[in-house]
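User: I would like to learn how to read the surface and the sheet of a model like this one. Where do we start?

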Amino acid sequence: MRWDNLGESPSALFGTDIVSRTIDRPEFRGITFHEVRARSIVNRVPGASRMPFEWTVNPYRGCSHACVYCFARKTHSYLDLDTGLGFDSQIVVKVNAPDLLRRELTARRWRGEHIAMGTNVDCYQRAEGRYRLMPGIIGALRDHANPFSILTKGTLILRDLELLRQAAEVTDVGISVSVGFLDRELWRTVEPGTPAPDRRLDVVRTLTAHGIPCGVLMAPVIPFLGDAPDQLRATVRAVAESGAGSVTPLVLHLRPGTREWFMEWLGHHHPQLVPRYEAMYAGGSYAPKWYQRHITRQVHELATEYGIGPARSGEARRIPPPEPAGQDAAAPEPTQLTLL
């Protein structure tokens with residue numbers, strides 16, 4: 001492994017004092033943690049990005065959730081780390097994230113803008129159980145009444161329930177849990193390091209029961225594996241029963257760095273689908289617009305049937321709503337957040 005962008009220069013990502021650890025415990029078996037001291041923690045989203053927010057905080061790089069479709073895999077290549085198994089098992093931990101965030105929130109240039117978390121890799125992945133960075137991060141945002149949102153697949157977020165409740169009393173807090181499908185066989189192979197979908201929906205129930213609004217990001221909808229009408233119906237029905245305030249579908253997209261890893265997985269588990277995927281994604285990273293509109297309309301109609309709606313404009317999750325059913329306008333530009 002070669003670490004670039006280290007040192008004291010203004011462009012350096014991390015300092016030079018890196019400690020790499022392997023932990024001899026079953027939940028961390030096969031994982032190496034690289035403890036670094038970040039030079040900054042509040043990061044501006046590049047202007048060319050399709051993300052519907054401007055600022056992020058990411059205390060980790062790499063993710064033990066090991067979702068084969070995770071679009072953030074490409075970011076591991078920036079440190080010359082492998083975007084396949086390396087992304088799943090070589091986890092960069094920004095150990096100074098809470099203290100650094102407090103310092104950056106007090107900077108004169110900071111204007112208290114919304115901060116999104118969990119949009120690159122999941123901040124409630126297994127590493128968080130050891131390093132406990134999120135309590136300090138949420139505490140800093142609470143103390144500065146700074147609005148924020150969290151996207152996660154991790155049930156560990158419930159550990160911080162009281163902190164989230166306190167923050168919601170003083171600022172705009174949005175939580176979104178990622179549940180793209182209910183199929184347990186698909187879950188075990190495509191999201192092997194995550195809690196089961198029904199456990200994630202239990203998180204939604206608990207958060208809403210404590211007065212913390214929570215939506216579901218129905219992502220990714222995986223073509224030919226999770227997009228059958230009965231599958232979509234079952235997922236939306238379960239989302240509604242969990243008490244989620246909204247459901248937002250996002251179709252799988254395959255950027256370079258992810259595409260190769262996903263197609264390798266597909267060839268191993270569903271080789272008959274490889275030609276169909278090659279045709280569907282022949283035009284680039286995104287499924288065709290007609291397909292995205294088709295899925296969005298189905299989910300929107302089901303959400304209406306079950307008494308939940310798309311995300312409302314201005315909600316803290318900063319995720320654009322699905323296209324309303326029956327419109328012929330072009331679908332919104334596809335947005336994919338890591339799934340978490």
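Analyst: Start with the surface. Accessible areas come from the Shrake-Rupley method with a 1.4 Å probe. This is a predicted model. Its chain exposes about 14,200 Å². Carbon and sulfur atoms supply 50% of that area.

User: Which secondary structure does the chain hold?

Analyst: The chain comes to 12 helices and 11 strands.

User: How do I read the sheet, and in what order do the strands run?

Analyst: Strands of a sheet pair through backbone hydrogen bonds, either parallel or antiparallel. Here seven strands form an open sheet, ordered S3-S4-S7-S8-S9-S10-S11. The pairing is mixed. Strands S3 (42-44) and S11 (247-251) are the edges, and each pairs on one side only. From one strand to the next, the twist averages 25°.

User: In which sense do S10 and S11 pair?

Analyst: Strand S10 (residues 214-221) pairs with S11 in the parallel sense, over four bridges. Leu217 stands opposite Thr248 in S11.

User: Which helices pack on the sheet there, touching S10 and S11?

Analyst: Take helix H9 (residues 229-241), which touches S10 and S11. The direction of H9 makes about 165° with that of S10. Helix H12 (residues 289-305) also packs on the sheet and touches S10 and S11. The direction of H12 makes about 160° with that of S11.

Key:
Residues numbered from 1 in each chain as written. Predicted model: local features only at pLDDT ≥ 70, side-chain atom pairs only at ≥ 80, totals over all residues. Heavy atoms only, no water. Pairing = 2+ DSSP bridges. Helix = DSSP H or I, 4+ residues; strand = E, 2+ residues; numbered from the N terminus. Axes fitted to C-alpha atoms, helices over the stretch in contact; angles between N-to-C directions. Contact = heavy atoms within 4.5 Å.
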